[in-house]
Amino acid sequence: MWFDLILSCLGALCIDQISWVEFLITALNCSFCVVAGKDMSEETGKSFARRDRLLEIESQVQKWWSEGDVFRADAKDSPPKAGEKFYGNFPFPYMNGHLHLGHVFSLSKLEFAAAYHRLRGANVLLPFGFHCTGMPIKASADKLDREIEKFGYPPAFPVVKDEEVAVPEAKPEGENEGGQNQAGGKFKGKKSKTVAKTGVVKYQWEIMQSYGLTDEEIAKFTNSYHWLTFFPPLAIDDLKAFGLGCDWRRTFITTDINPYFDSFVRWQMRKLKERGKIVKDLRYTIYSPLDGQPCADHDRASGEGVIPQEYTLIKMEVVSPFPPKMSVLEGKKVYLAAATLRPETMYGQTNCWVLPDGKYGAYEINDTDVFILTERAALNLAYQKLSRVPEKPTSLVELTGQDLIGLPLRSPLAYNDVIYTLPMLSVLTDKGTGIVTSVPSDSPDDYMALHDLKAKPAFRAKYGVKDEWVVPFEIIPIIHHPDFGDKSAEKICIEKKIKSQNEREKLDEAKKIIYKGGFYEGTMIAGEYAGMKVQEAKSLIRAKLLELGQAVVYSEPEKKVMSRSGDECVVALTDQWYITYGEEEWKKAAEECLAGMNLYSEEARHAFEHTLSWLTQWACSRNFGLGTRIPWDEDFLVESLSDSTLYMAYYTVAHILQGGDMYGGNRSLVKPEQLTDEVWDFVFLSGPYPKSSDLSSALLNKMKQEFEYWYPFDLRVSGKDLIQNHLTFCIYNHTAIMPKHHWPKGFRCNGHIMLNAEKMSKSTGNFRTVREAIEEFSADATRFSLADAGDGMDDANFVFETANAAILRLTKEIAWMEEVIAAESSLRSGLPAVYADHVFANEINIAAQVTDKNYNECLFREALKTGFYDLQAARDEYRLSCGAGGMNRDLLWRFMDVQTRLIAPICPHYAEYVWKELLKKDGYVVKAGWPKADAPDLTLKKANKYLQDSIVSMRKLMQKQASGSKKGKASAPAVQNKPTVCLLFVNEQYDGWKEECLNILQRKYDAATGNFAPDQEILAELQKSEVGQSGNFKQIQKLCMPFLRFKKDEVKAVGVHALDLKLPFGEIEVLRENLELIQRQLGLERVEVLSAADADAVARAGNHAAVLKSNPPSPGVPTSVFLSEE
C-alpha cells in the first residue's frame, strides 16, 4: 500500500546497487518517515480527501446500478442448470435499532458469495427482509411508557453511580451440582449487572436519544408499530450505501401489519399442525414473570441458548419440636428442600448443608406442606404449580442459614434415621435451592467439608455446631467405583493429597473423575437396587422417590436469563403449543438433510449434529408482543423463532404479492384473503391447481415458476449463535413441509466480529453502526476490512487500520492506473517477449485460478490475498524486473482488467468506476464474467521463485565474501575492492552419495500415507547400497544422515518432489535468461553462469576455488564466486 510513497524515495537510492528486497526495506523505512511527518498527517488525520473521493465514486456508481436495475433478479422460463442460478439469503435483522458492523460482517459473507456468482454469470437472487415479530419492540415501547409515567415527560432520570459488588468467579458450567460453590473462592469487585453492561444505568429513552432523536420523536415510539415504519427504511438506505446487491422489490417486514406474510405464516403453522408437528402440552419453559409468557431466545437480553435444568427436589422433613423462630410452622409438615442431580446417592446422606448467612424462607407449597429454601427457588416453584397461591410464593417466616443449623431431619433413603443441618461456606443461593444434601462417600466436596468440621472444634464452635451432630456420622458406602472402590471420594482426596475444602482446583478435578466414573461405570452397593449399574438405577430411584411423595420435580434456568423487559426469568410449567422438534422420525429426516448440505467447515457440522442430538419440543406460542396469530387459537401469537424458519420461500413470490411495498399495502394485484391454503400448496408444494381461487392462472403459474426456479436456496449465511435454534429449526421445518428436492443446500456460519481486537460494545465506544462505518471509511474500505477480518467460526477482527489502509490502497491504485493509461504510448507493445513478461502473465493466470477457488469456498480473506495483495505484489515485481526495456502494454491492460474483476465482489464501487471510467469497458463489472486465464505454469512459478531466492542468496554471499569469513573456515581471501563480476556455479542434478540417498528415500516413501519407512529400515537400505559398501559405514552414516533428515523434513514442507534428483526446469537457462536483472539487482558489471560439472569452468574460480569446495552447489542452491576486476 506504500508503493507510491516508496517511489517518492527513489531519488535518494541507487536501485542498480541494491537488491529488490533491500530496496523495499530501505524504501519502506523511508516511507515510514513520511508517515510520521507532515505528508501522512495530511493524508489521514487532518485530511479526508481520499476517503471523500471514494464516497463520491460510491455515490456515482450506486446511481449507475439503480439506473440499470442491475440487481433485479427474475426467474427464467426454463429450469436452471447447475451453476446458472444462485439464491442466497440472510437471517433478517431485528428492527429495534440501526444496523451495525456485526450485522454486515455476517451479511458480507453472503454479499461476497452472491457477487462472485453474479460475476461468473449466474442469475443471482439476494433478497432482504426485516424482522419485527416477538417481544423486543413491544418491550422497548412499554419501557418508554413506564419511564414517562415514572419520570415525567420528557423524563428526568436520577443520577446513577457505578457500584462495586462482590461477585464470585464463575466455575465451569455444570460443576456446581445442586448449588454448591467452592469454599474460599476468589471474589472480584465487579459492577452490577446493569452497570457492567451499559457503563451506567441505561434507560430506553436515553438509548433512543443516542440515535439522535428529539424528545418529541421519541414519544412516538411508545406505539410499537412506529418502530416498524421508522427503522426498516433507514436500514435499506444503509444497505444501499453499503453496496448490497439486493433485489429490493422482494423486501418485506414480518408481523400481521403485512397481511401477505401473515397469511404465509398461518399456512406454515397449519401445515405443521396438520402433519402432527405441533401439539399442546404441559412443558417446562423459560418464562418471564413480568411479560407473563415464555421467553424465547430472541426475547432475551441475556441468556440466549439457556434451557431449563431439571432437578430432583428431596423433601427432608424437619423433626419437631421446632426451634422458637419456627414456632409459627407448628402443625405443618416442614421440609428442607434440597435440589440434586444425583438422587441415586441419597442412601449415603450424613447431613445437610446450608449457607450460614444465606437468606431463606418457609414457603407454603399447599395447605399442609412448607418448603424451606431461597426466595428465588420458591419463585420458580410457584410457576411450576408448587405454591399455595399460583405464581405468588408466600413466606410464613424469613430465616437465615444460621437459624437452620442443627435442625434434625428425616431424609428419604438415608441409612441414618436422623441427620443434621450443618454450615458450609461455599453453598450458592443463586443456584438450586440453597439447601444441599451431603454424601461424603461419593462427593469430594462433601467429604472434605465434613472432614474439616470433624477436625476443627473451633470451626464447630463458631457456628454453634454440637459434636453429636457431626462426630458420630461416618461415611456410608453406596456405589462401587471401578478405580476408587467403595469410598471413592475419600480415596481420591487421599491420593491427590487434598487437605482442605479450600483446595478448589484439586477438588474440581477430583469431582469430575469421581462423578464421571461413578455414573458411567459405577455399581450400586446400597439399597434395593444393589448390584445394578448406576446408569440404570438412577431413573428407577428417582421414579420411586417421586411416586412415594418423598421428592418433587424442580426446574430452573441452567444459567441466569434476563428478558428484554428487564426481569429475571424463571422456569414455568406452561400449557401451550409446542413444535415437536426431536421426534425420532422427524429428527432422522433433519439428519438426512444436514448430511447433504454444504456447511463449509467440520466445526459447523459438529455444532449442528450436537444441536440435533439434544433439541426437543419448542414452545411456539406467545400471548404478548408482535406477530402472527396462531390460526386455530388466536389468543396466542407465533413466537419470533417460529415464523422465521421457512420464509426463504416467501422471498420468491413477495414481489408479485406485495408489488414492491414492504408493508404489503399495495393490494392492486392480489388481495391477502385470496391467498388460501390451496393457493400456497399449489405454489410451494406442487399441489393441485386451486380451482376455487379467483386469482388468474397466469399469476398463479408465475408465482409457481418463480419458486420452482429459485428453490432450493443455495446458501444461507449466519452467525454461529443461530445454529442452536434458528438454523436447525430451518432444517426441521423444510423437512416437515417441503419435498426433498427443495431442502436447503448450504449454510455458512461465522463467529462474531470484534473491533480492533476488542469486543464490540456501545458502553466503551468500541462500536460502529453501518452508517458510521461508511461515513468514516467509505463502503468499499469497510467491505475490504470485513473481508480481511476472517472467515472461520472463531471471532473475527475488524481493524480500523486495515480500513484506513484500504482507502490509501484503492485511491493510489486509481492514480497509478490513470498514470499508466496516460503514458500508454511509452510502453512496450506486442506479445509477451521477455522472461519477466511470461512470469507476470503466469502470476495473473494463477491469481485468477486460485482466487476463483477461494471465492467458491467462501474463503474471502484468502480471495482478497490472492486476488489483490498477491497480484499487486506480482505487478510491483514486474515493474522492477523489466528494467530499461519497460513494461508490456497488453500485459498491464490485462492486469488492470483481471484485478478489477477479482476485487469486484469485495470492492464493487471501486471496481465499477475503474471498469467504466478508466478501462472504458461496456456494461457493468459486477456482471462482466470471470476473467479468462490459461492454465497456470507451476514450473515457471517455481523457476521464478528460484531466481528471486538466488538473487537474495547471492547478495548475502557477496557481502560475506567482501568482509571475509568470520568463522575461520576455508574461504577465498577477503576481497578488498567492491566485486564487479560474479561466477555463478550450478549443479543441476544430485549425484554420488546424495543421489543414492534420494533413491532410497523415494523407495521408502508411502505416497498414500505421506510417511517414510522407519529410520532403521532406511539405514539398512543405505548399508546395502553401493555407497554403504564403499567404506566405513559409521562414517558414511555420519555423512548421510543429516542429508536424509533434511530431505525428509523438506518433503513434509513442500511435497514429494523434494526427492527429485533435479528441479523441473533448467537452472542454467533461467539464470542466463535473467543476467541483466541479476547484474542490476546486485550492482555488478558481469555475471557468468557456469556448470560445476565443467572442470574448465571450475578452474576459472582460481584462488576462490575453496568457496566451491566448502559450499558446493546442489540443485536449487547455486554457489557464487565474486571477483573484482580492475
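Biologist: Over the ring of which residue does the charged end of Lys916 sit?
Modeller: This is a predicted model, and a charge counts as sitting over a ring only if it is within 6 Å of the ring centre and within 35 degrees of the ring normal. The charged end of Lys916 lies 4.4 Å from the centre of the ring in question, which belongs to Tyr924.

Biologist: And how far from the ring centre of Tyr335 is Lys315?
Modeller: Lys315 lies over the face of Tyr335. Its distance from the ring centre is 4.8 Å.

Biologist: Why is the pair of Trp586 and Tyr732 given its class, and what is that class?
Modeller: The count of aromatic pairs in the model comes to 72. For Trp586 and Tyr732 the ring centres are 4.9 Å apart and the planes stand at 75°. Because planes over 60 degrees apart fall in that class, the pair is edge-to-face.

Biologist: How many residues apart in sequence are the parts that this pair of Trp586 and Tyr732 ties together?
Modeller: Trp586 belongs to helix H19 (residues 584-595), whereas Tyr732 belongs to helix H24 (residues 723-737). Both Trp586 and Tyr732 are buried. The pair therefore ties together parts whose separation in sequence is 146 residues.

Biologist: Which helices hold Phe784 and Phe868?
Modeller: Phe784 and Phe868 form an edge-to-face aromatic pair, with 5.8 Å from centre to centre and 80° between the planes, and both residues are buried. The pair ties together parts 84 residues apart in sequence, because Phe784 lies in residues 779-789 and Phe868 in residues 860-882, which are helices H26 and H29.

Biologist: Turning to strand S1, are its residues buried or exposed?
Modeller: Lys85, Tyr87 and Asn89 point one way from S1, while Phe86 and Gly88 point the other way.

Biologist: What is the handedness of the crossover from S1 to S2?
Modeller: S1 and strand S2 (residues 123-125) run parallel and are joined by three bridges, with Leu125 of S2 as the bridge partner of Tyr87. Between the two strands the chain passes through helix H5 (residues 101-119), and this β-α-β crossover is right-handed.

Biologist: Which residue of S25 is the bridge partner of Gly88?
Modeller: S1 also pairs in the parallel sense with strand S25 (residues 715-719), over two bridges. The partner of Gly88 in S25 is Leu715.

Definitions and conventions: Residues numbered from 1 in each chain as written. Predicted model: local features only at pLDDT ≥ 70, side-chain atom pairs only at ≥ 80, totals over all residues. Heavy atoms only, no water. Phe/Tyr/Trp six-rings, centres within 6.5 Å; stacked < 30°, edge-to-face > 60°. Helix = DSSP H or I, 4+ residues; strand = E, 2+ residues; numbered from the N terminus. Buried < 20%, exposed > 50% of the residue type's maximum accessible area, 1.4 Å probe, protein only. Pairing = 2+ DSSP bridges. Right-handed = clockwise from strand over helix to strand, strands pointing away.
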